[in-house]
Amino acid sequence: MGKPLHIKRGLNLNLSGEAQRPVSIVGVPVVRPETVALIPDDFIGMTPKMDVREGIHVECGEVLWHDKSYDDIKVVSPVSGIVKAVVRGERRKVLAVEITPDNNVSTTSTASSVPEGADAIKSALMAQGVWAQMRQLPFDIVPMPTSVPRDIFVTLWDAAPLAPDMSLALEGNEVLLEKGVSTLKVLTNGNVYVGRAPGSGVKDIPGAYMVDVDGGFPASLPSVLAANIRPVNKGETVWTLDAMTLMRIGQVAAGKGVNWTAPVAVTGSEVNKPCYVTAPAGASMKSLLAESVKNSGHERVISGNVLTGINVGLDGYLRYPYTQVTVIPEGDDVSEFMGWASIMPDKMSESRSFPGHFLKRRRFSPDARLNGGRRAMILSGQYDNYIPMDIMAEYLVKAILARDIDRMEALGIYEVTPADFAAAEYADASKLELQKIVREGLDFLRHETF
């Protein structure tokens with residue numbers, strides 16, 4: 001039995017286009033993408049130094065780039081194939097590494113010896129690319145090798161809109177989960193907390209402190225789990241990770257090759273038949289969606305969910321850490337009476353001024369319009385309804401905008417991540433880009449204090 005944790009503050013969006021969970025992963029179709037790509041910007045805290053060039057062949061698990069500050073932290077190829085392009089932007093910044101998979105594509109790296117001891121485990125995780133999948137609080141970055149986490153927080157579910165059922169990937173992998181937890185316990189002097197949804201079917205993992213979390217988004221985020229169990233204070237460090245990363249740590253600990261595929265939910269109102277597919281990390285959207293999109297020319301293709309995901313378009317790729325694709329109407333071809341102020345019942349809203357607020361059982365098909373203009377910040381306490389943390393969120397945002405380090409620290413910036421503000425950003429009457437503001441504040445604080 002896990003400790004129950006009920007999160008009252010959060011958001012549940014009832015959207016159309018949910019992918020029905022298959023009976024088991026065995027029958028899920030496998031996607032073999034024409035191209036995969038990894039984006040350095042997804043691995044925050046790393047400065048990439050390339051280990052490959054265009055035209056060379058790489059095996060699955062071979063290093064693509066390493067961190068300029070910590071050479072041992074590596075990002076590896078999720079498939080075997082030819083490096084199609086190293087895409088660069090201004091000042092030769094690496095924007096993406098594109099790979100054309102082999103005909104007989106391999107998505108599992110070569111098995112290695114079983115690491116023993118904390119230093120050997122760290123080296124193995126960094127060398128095989130799994131370390132870069134974890135995150136460190138404060139700052140929500142790839143953990144520094146020198147850090148020793150006070151505690152480690154793992155989440156085995158996702159409360160985001162139309163999110164995939166993570167138990168599908170976990171079925172039959174109980175041994176790997178146990179291996180992953182026992183490995184993490186070697187790396188911390190504290191506890192390994194594992195959050196799961198009540199009734200998910202995920203069994204207790206020996207050695208882990210299990211927590212049954214109930215609530216709307218962002219209740220499933222490990223940062224929220226940490227804030228409600230043991231908040232992060234100045235001078236402390238905790239690590240966070242998701243279910244797929246825990247399984248891959250278990251594979252490394254067992255001396256197996258790391259499998260870089262995962263069940264991906266293809267969702268959204270603009271998808272003809274929402275479904276699950278199995279695909280490697282970084283798969284192209286064209287391969288994932290194939291003929292699934294209604295293709296009216298007015299769709300927004302999102303890697304991830306509608307709250308925290310990235311607008312990548314049909315020419316984009318599945319970005320880390322998402323195992324979900326959402327396709328919704330763009331809204332650029334919509335013309336309606338009274339515009340955003342229309343009170344039609346099919347308009348989804350968190351405001352009580354709209355009938356849709358009271359139609360909780362209805363499935364909505366919102367588009368990507370802003371629905372109103374950006375305006376001055378209003379201190380109404382609205383954010384507190386959507387951020388389940390003991391922080392003064394509005395004052396923290398103001399402190400970030402003012403770049404007031406002392407107030408940022410006092411108001412709890414060390415325990416937050418940008419995704420914690422996603423639900424508040426959706427409901428914000430001021431239309432502020434809260435996730436962007438928080439990300440810039442975390443980066444500013446890190447560069448000023450470390």
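Biologist: Which side chain meets Arg 196 in a salt bridge?

Modeller: Side chains of opposite charge can pair when their charged atoms come close. Here Arg 196 meets Asp 212 at 2.5 Å, N to O. A salt bridge puts a side-chain nitrogen of Lys or Arg within 4 Å of a carboxyl oxygen of Asp or Glu. This is a predicted model: local features need pLDDT of at least 70, side-chain atom pairs count only at pLDDT 80 or more, and totals for chains, interfaces and linings use all residues. Residues are numbered from 1 along each chain as its sequence is written, and side-chain values use heavy atoms, leaving out hydrogens and water.

Biologist: Is Arg 196 buried or exposed?

Modeller: Buried means under 20% relative accessible area, exposed over 50%, partly exposed in between (1.4 Å probe, protein chains only). Arg 196 is buried, at 6%. Asp 212 is buried too, at 15%. By contrast, Lys 286 and Asp 315 are both exposed; their side chains form a salt bridge at 3.1 Å, N to O.

Biologist: How far apart are Arg 446 and Asp 443 in helix H10?

Modeller: An α-helix has 3.6 residues a turn, so residues three or four places apart point the same way. Arg 446 and Asp 443 are three residues apart in helix H10 (residues 434–449), about one helical turn. Helices here are DSSP runs (H or I, at least four residues), and strands likewise (E, at least two), numbered from the N terminus. The closest N and O atoms of the pair are 3.6 Å apart. Arg 446 is buried at 17%, while Asp 443 is partly exposed at 21%. Salt bridges link both into a network with Asp 140 and Arg 439.
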